[in-house]
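Please look through the structure below, chain and fold together. The report that follows describes how its parts are arranged.

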Amino acid sequence: MFIYDSVQKTKREFKSLQEKKVSLYVCGPTVYDDAHLGHAKSALVFDLLTRVLTANGYDVTYARNITDIDDKIIKKALEQKKDIKEITDFYTEAFHKEMASIGVERPTIEPKATESLETMTELIQKLIDSNHAYATAEGDVYFDTASDSEYLKLSSRVQEEDDKVQRVESSSLKKNPADFALWKSVKDNTVTFDSPFGKGRPGWHLECSAMIEKHLAKPDAEYAVDIHGGGADLLFPHHENEAAQTRCGTNHALANYWMHNGFVNIDGEKMSKSLGNSFFLKDALKEYDGEVLRFYLLSTHYRSNFNFNTEDLATSKKRLDKIYRLKKRLFGLAENCEPTKFQEHLLESLSDDMNVSSGLALIDEMISHANEALDTAGKHKVLKREVISNLSYIENILGFGVKNAFEYFQFGIDEDTKSRIDDLIVKRNEAKKEKNFEASDKLRDEILAFGVSIMDTAQGTFWEKV
RNA sequence: GGUGCCAUCGCCAAGUGGUAAGGCCGCAGCCUGCAAAGCUGCUAUCCCCAGUUCAAAUCUGGGUGGCACCUCCA
């Protein structure tokens with residue numbers, strides 16, 4: 001298996017720290033608002049990584065945090081006059097629900113910041129004791145970036161000259177402008193936590209380092225985790241700072257491999273609150289089947305920036321439709337458990353830094369071959385079972401085609417409409433039987449008016465939402 | 001300004017030295033009462049210039065054009 005390491009900027013063969021075991025940590029959401037397509041992309045990428053690692057025989061421990069301490073959460077709580085926990089619980093639950101609808105499985109561990117305060121303060125204390133952090137007169141604790149010779153190496157950055165100028169202007173008590181907060185003193189009565197350094201709140205970067213130590217790190221290993229992942233924007237400063245904290249506060253480096261997924265843009269523009277073009281997952285799910293979104297968001301390489309637009313989404317749907325149509329053709333048959341060459345090749349593609357694109361090419365070719373064979377040798381049982389086994393493999397490793405094929409094609413059509421369509425199909429078939437094609441074509445037009453297409457097959461007449 | 005990434009058929013998109021995967025769209029055909037679905041066939045020399053090499057989309061240099069990060073952000 002190969003993974004592109006975004007810190008070393010090269011594709012590396014994956015070797016786990018422990019035999020056949022992988023620890024994976026991914027930066028999760030700050031639960032103060034609805035998840036947008038970018039959250040979905042990141043969750044999907046690492047969901048797929050977990051599946052591919054598992055298919056390669058690894059036992060994966062996947063941790064993704066929930067950041068439930070944050071200024072933005074507090075701000076929202078004050079605005080809405082609600083309790084912090086009410087806000088975080090609401091968005092955490094929404095996150096889980098929406099992720100489930102695009103086929104993202106729950107991580108092995110989902111640590112919350114509020115449940116890891118002790119680990120965080122312990123880590124701060126270690127950093128203070130080893131002279132990598134200092135407390136100011138105001139009660140804040142900062143990481144001393146000058147004390148870490150490795151600082152900025154992770155993100156290949158150079159210390160900027162004007163940083164030193166800013167120091168004069170800054171009213172902060174930081175020794176160095178690059179120093180970042182580990183603990184922020186809070187004087188008011190909003191939300192504070194007790195610590196040996198006084199009342200306050202932990203710094204954002206600290207959270208991840210602490211969670212990794214608590215849940216994943218093996219004391220004697222060279223690295224705390226095998227793989228650390230997150231969005232491309234997290235490399236600096238978040239991951240840089242995380243790495244510094246762990247490096248200086250423990251006896252190991254943070255991660256052996258770093259993976260960063262590319263960004264989701266909307267119609268060529270960056271998605272952001274200020275531009276007002278955030279695309280929330282919950283809104284997308286009203287219009288599109290979750291699996292179509294999954295297919296679309298995963299169809300491009302995870303490292304590339306992704307340009308979301310409805311035309312390409314429609315193309316992805318057509319591609320996913322083909323999987324489901326084949327599934328319909330084989331409805332009700334059992335699978336053969338023998339692994340096929342196709343499955344071997346698919347895993348090979350996905351194991352090469354998750355090359356989904358070439359995997360999809362294999363899938364499309366497999367579908368074509370299967371349809372061709374079914375057209376010419378429809379009663380070939382061994383072949384059918386092999387194809388079903390292939391489809392089942394795709395379901396497991398990519399999460400494509402997991403639904404009932406008939407229900408998939410009926411997304412967004414209510415029960416009443418369904419029965420009306422079915423009635424019309426019965427009437428149309430009667431007309432066809434009597435060779436009254438004028439009547440049958442008229443009935444077909446009525447059916448098409450519901451926004452569906454119909455197809456006559458050997459198994460009967462089926463309809464699909466267009 | 002600093003750092004880094006990218007540029008492949010109308011559109012989406014693989015491919016990092018050996019002579020351009022796949023999908024969508026389009027065209028032709030098979031199938032069909034007609035359709036739809038399915039199948040078959042057809043469609044690019046890889047932004048520009050120069051260089052390295054027996055051989056380059058793939059390496060090097062220079063241009064042009066996009067984009068990202070440097071601030072909370074997946």
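Strand β6 (residues 141–143) and strand β7 (residues 181–185) pair in the antiparallel sense over two bridges. Strands here are DSSP runs of E with at least two residues, helices are DSSP runs of H or I with at least four residues, and both are numbered from the N terminus. Two strands pair if DSSP finds at least two bridges between them. Y142 has A181 in β7 as its bridge partner.

The model is a predicted one, in which local features need pLDDT of at least 70, side-chain atom pairs count only at pLDDT 80 or more, and totals for chains, interfaces and linings use all residues. Residues are numbered from 1 along each chain as its sequence is written, chains are lettered from A and ligands numbered from 1 in the order in which they are written, and side-chain values use heavy atoms, with hydrogens and water left out.

**Sheets and hairpin**

β6 and β7 belong to an open sheet of four strands, ordered β5-β6-β7-β8, with antiparallel pairing. At its edges are β5 (133–135) and β8 (200–202), each of which pairs on one side only. From one strand to the next, the twist averages 20 degrees. Helix α4 (residues 117–129) packs on this sheet and touches β5, β6, β7 and β8, and its direction makes about 110 degrees with that of β7. Contact means heavy atoms within 4.5 Å. Angles run from 0 to 180 degrees between N-to-C directions, and axes are lines fitted to C-alpha atoms, for helices over the stretch in contact.

Another open sheet has three strands in the order β12-β11-β13, and its pairing is mixed. The edge places are taken by β12 (269–270) and β13 (306–308); each has a single partner strand, so one side of each is left without a neighbour in the sheet. Strand β11 (residues 264–266) pairs with β12 in the antiparallel sense over two bridges. The bridge partner of I266 in β12 is E269. On this sheet packs helix α9 (residues 290–298), which touches β11 and β13; the direction of α9 makes about 140 degrees with that of β13.

Strand β1 (residues 2–5) and strand β2 (residues 10–13) also pair in the antiparallel sense, over four bridges. I3 stands opposite R12 in β2. The hairpin of β1 and β2 has four residues between the strands.

**Helix pairs**

| Helices | Angle | Axes apart |
|---|---|---|
| α15 (residues 415–433) and α16 (residues 437–448) | about 165 degrees | 8 Å |
| α10 (residues 310–329) and α13 (residues 381–398) | about 140 degrees | 10 Å |

The angle makes α15 roughly antiparallel to α16. Angles under 35 degrees count as roughly parallel, over 145 as roughly antiparallel, 65 to 115 as roughly perpendicular and the rest as oblique. The crossing of α15 and α16 is left-handed. A crossing has this hand if the near helix is turned anticlockwise from the far one by less than a right angle, and is right-handed if clockwise. In the contact, I421, L424, I425, K427, R428, A431 and K432 of α15 meet F437, A439, S440, L443, R444, E446 and I447 of α16. By class, the contact of α15 with α16 has eight nonpolar, one polar and five charged residues. Ala, Val, Leu, Ile, Met, Phe, Trp, Tyr, Cys and Pro count as nonpolar, Asp, Glu, Lys and Arg as charged, and the others, Gly among them, as polar.

α10 and α13 are therefore oblique to each other, and their crossing is left-handed. I323, L326 and K327 in α10 meet V387, L391 and E395 in α13. The contact of α10 with α13 divides into four nonpolar, no polar and two charged residues.

**Backbone exceptions**

Most residues other than glycine have a negative phi, and most peptide bonds are trans. K9, which is not a glycine, has a positive phi of about 55 degrees. This residue is found in the loop between β1 and β2. L152 also has a positive phi, near 80 degrees, and its place is in the loop between β6 and α5 (162–169). F236 and P237 are joined by a cis peptide bond with omega of about 0 degrees. P237 lies in helix α7 (residues 235–249).

**Domains**

The domain assignment of chain A gives domain 1 (2–261), domain 2 (266–407) and domain 3 (412–465). Such bounds come from an automatic or database domain assignment. Between the C-alpha centres of domain 1 and domain 3 the distance is 55 Å.
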